Structures are given as structure tokens and as C-alpha cells.
Amino acid sequence: MAKITVAAAGLSGLAGKRVLAGVSGGADSIALLLLLCRAKAAVEAVHFEHGIRGEESRRDAEFVTEFCNARGIPCRTFALAVPENRGRGENLEAAARRMRLEMWKKLAEGGALVALGHHRNDAEENMLLRIGRGGNTSSITALRRHSRLEGVELLRPLIGFSRREIEEFLLSQGVWKWCFDATNADCAYQRNFLRNKILPEWKKSFPPVEKGIAASLQALSDDADFIEACAEREFAGISGSQITPVAFWRDLHPALLSRVLKRYFNSEESLSPGRRRELLKFLTSPHDGETAIFGRIWRKSRGMLSIPAGEPLAAILWNWRRQPEAATEYGFFSAESAIMPEAPAFDPCVAWFAPEELPETLEISPRRDGERFTSFSGRGKSVKQLFIDHKLMPETKAAQPVVRTADGEILWIPGLANARGYLASPGSPALRLGFSKNAASASALNKSSNAAAPAAHGPEK
């Protein structure tokens, strides 16, 4: 059994550094807090009360406060009220994760490190869950000792130790009391289902699997480190260049392309499989053109790719459930629940969708080279030809939004055309999306829509 020490946890160089420790009150976070104090870090405990577990949750907050007060450790508690703030279709676990990250970004301003109590069992479970969802080696080994997420620098000092080793460490330090989360027994959560049902049965019927999973996690982490180091070297050759050869990108191994792109465009996002295919088609096409990637226009001409100077950010991710009104560089978008009229007047600045089928996060960005959409009549048409038919000027084309799903399916070209996907049925509950160049016009459109559909109300958050 591995011995947990400041050195073994990689905390030797933290003396005097400001560290925010996420402390739930569980064994892992209590052990983390003790180690940070031993490392002489300028540590502050941060506890999030999610509002999910009622009295049990409040008792955990009290325990953390008392534990810290008894040891002279600064501590702050934040009430997140997750159930009241989750988006439609967003489960509690995902909503809690999103809200914690939002808080960490605020609290860590000024360069504080954020330390979390994830351990080896967490990393193994995370790997298996992400394999089930689909991901590359960097994604499925995301719980690393040191990482960065949306500008927050994260430390996981206990990632190399098991849950059992952490509890043994606490007992050796005279700590015999910590919190237990009763929801960890609820197998409605995917992680708990994996932890409480699948893994125990798997390990029981095939004992080598326990060491095998740990070995696979380490091997995949090593592979991810190597690929990311290769991506960093490739990126070093073009860093700071606004103009790059098409051949450079076209010849990159697929494992490197996404990683080098993220560095080049300084993006936290990852390419979806569909978007990756589109991009490879764009890069290998002999024709010039332009596409939008990670919020920027990328223009191809005579074997070179360029980011036009002064080009505005292009791609916007809009969650219409959580943000029913969005002011963007393209104009003003609005979303509201309504009963779709039996015979709605045609208006290309209004689109009606089936709310239970439409993805809650949509991408708004310019036209991509070679894109086509399916009209109401079922006929396919190129977006380029649509722009030509409407006699759009070049500067207007650059500012014309196209609304898509995350996988690139065109749903709506505001002001020009509606596509066929996710359509609502006349007379049924629907989601009405509106677009205008300014908020005042959108307000007028909303009033007009409400007159035609008196049952309208704002989308649930």
C-alpha cells in the first residue's frame, strides 16, 4: 500500500502559494486539506452546498466549517441551489459540475491554484465513463495530477492513491470522522451505477481487472502525454503565424490535428467527429474557400490558410433553455415556448421547432465552404447559392449567421431560409426562435408572436 506524504503527492513546492481546496467533507477532500497544510501552502477551504441532499448536505457544510475552525484554516461555504438552476434536460450531476466550475473561475481570479480531492478510483471510473461516451486519450484521462480547465489551474495531488489508501492515511493522522454522501448509493447516476454494480461484478468474476484498469489508465495517460507533447512541438513551428500552409494542416496525423488546432486558436473546445470530417474535407479540397472554426474565420487561398485581420469572432454556442435572450455580434436571438399557429405567416426571421427534440445548445456561426441544407420542400440547396440568390454583399455574407446543431446540421439561416429538421407541428407546443438585428425589433417580434399564440410563455430554465 502506497504511503501518502507531501512529497509523494507532489506538493513540495507549494509553500506560501495561494491554493483553494475543494472540501466536500469526504475522506479524500479532508486528506487533501491536511496535506496542503503540511506543505505550508496559503490554503483556503471552499465548500459548495449544492442544495440537493437537504439536511444531510447542511450537516456536511457544518462539519467542514467546524473541522477548519478547529485547525485555524480559512473556510468559505457557497450555496449553489443546483436543482433550481439546472437547464432543461441537464441532470443534477452535470448542473452541479457546471456551477462549480463557474464559481472556481471567479474565486481563482488573480492566479490562485485550485486543488481537488480526486483519487485513482475516480480517474478509473472517469476513464470508463468517457470510453462509453466516446473520447480520445486526452479526454478519457482528463483527471490528471495537473491540468487547466477554462483558465483554472487544477491540482489533484491524490490522483495516484486509492480510496482505501486515503482512509488509511486519515486514520494514521488521528482523523476518524468524515462525511459520507448518501447519494453515492443512488444508481440512477451513471458513475454510481458503474461503481456500485458493474465494477464489483466485473472484479468478482475476473479478479485481474482491478490491476488491469489501473495499468490501462497509466498507459493511456502516458500515450496522451506523448501525443500532446508532439502536438506542442508541431504548434511551435506555426505559433504566432496568421498565415500557414494548407499542407501543414493536411499532413498532420489525425491524432495531432485537433490538439494543434486547439493550441493555434487558443480554444478549450474539442472538435466533434462531424466537424472534424468537415474540416478534413475543407483542407483536402483543391478549391479555395473559407470555414469557421473555434470562433474564427479561416480562409484558404493559393495553398495558404489565413485568419483575416480584424475578423470578429464567428462561432457562438447558445443554450436557448438557460439563456432565452442572447445579444450577439450577428444580432439579437430570442427563444420562447408557444403554441404554433395552425397557419403561421412565413417569416424567415422566425423559426418553429419541436422543443423536446431540438438540442438545447446550438451553434451560431458564418457559412462554411460547401455547406448545404434541406428546405421545407425536401430539396437540398447550397448555402452559397442561397446567398447569391439574395444578392448578399461580401461584408453581409461575413455577418450572416447560420444556426446549426453541434454536429453541423443546419437548422435555420435567419432572415433568409428555414431548414427542415426538428420541425414543430401546427397547433402543438413549440419553441419559437426569433432573430433581429437589434433587441428593439426582437421585442416587437415577440409581441407579434404572442398575439398569434396567446399561450406563449418563456422557456423553462
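Select helix α1 and helix α7 together, and you will find that α1 passes α7 in a left-handed crossing, a term used when the near helix is turned anticlockwise from the far one by less than a right angle. The model is a predicted one, in which local features need pLDDT of at least 70 and side-chain atom pairs count only at pLDDT 80 or more, while totals for chains, interfaces and linings use all residues. Residues are numbered from 1 along each chain as its sequence is written, and side-chain values use heavy atoms, with hydrogens and water left out.

Stay with this pair: the axes of α1 (residues 27-38) and α7 (residues 163-172) come within 9 Å and cross at roughly 55°. That angle makes α1 oblique to α7, oblique being what remains once angles under 35 degrees (roughly parallel), over 145 (roughly antiparallel) and 65 to 115 (roughly perpendicular) are set aside.

Next, show the side chains of A27, D28, I30, A31, L34 and L35 in α1, which meet I166, E167, F169 and L170 in α7, contact meaning heavy atoms within 4.5 Å.

Now move to E124, which lies in helix α5 (residues 120-133) and is buried, with a relative accessible area of 8%, where buried means under 20% (1.4 Å probe, protein chains only). Leaving aside neighbours within four places in sequence, E124 is in contact with I213, A214 and L217.

Finally, zoom out to the chain, where buried residues make up 47% of the 461 residues.

Definitions and conventions: Axes are lines fitted to C-alpha atoms, for helices over the stretch in contact, and angles run from 0 to 180 degrees between N-to-C directions. Helices (H or I, at least four residues) and strands (E, at least two) are DSSP runs, numbered from the N terminus. Buried means under 20% relative accessible area, exposed over 50%, partly exposed in between (1.4 Å probe, protein chains only).
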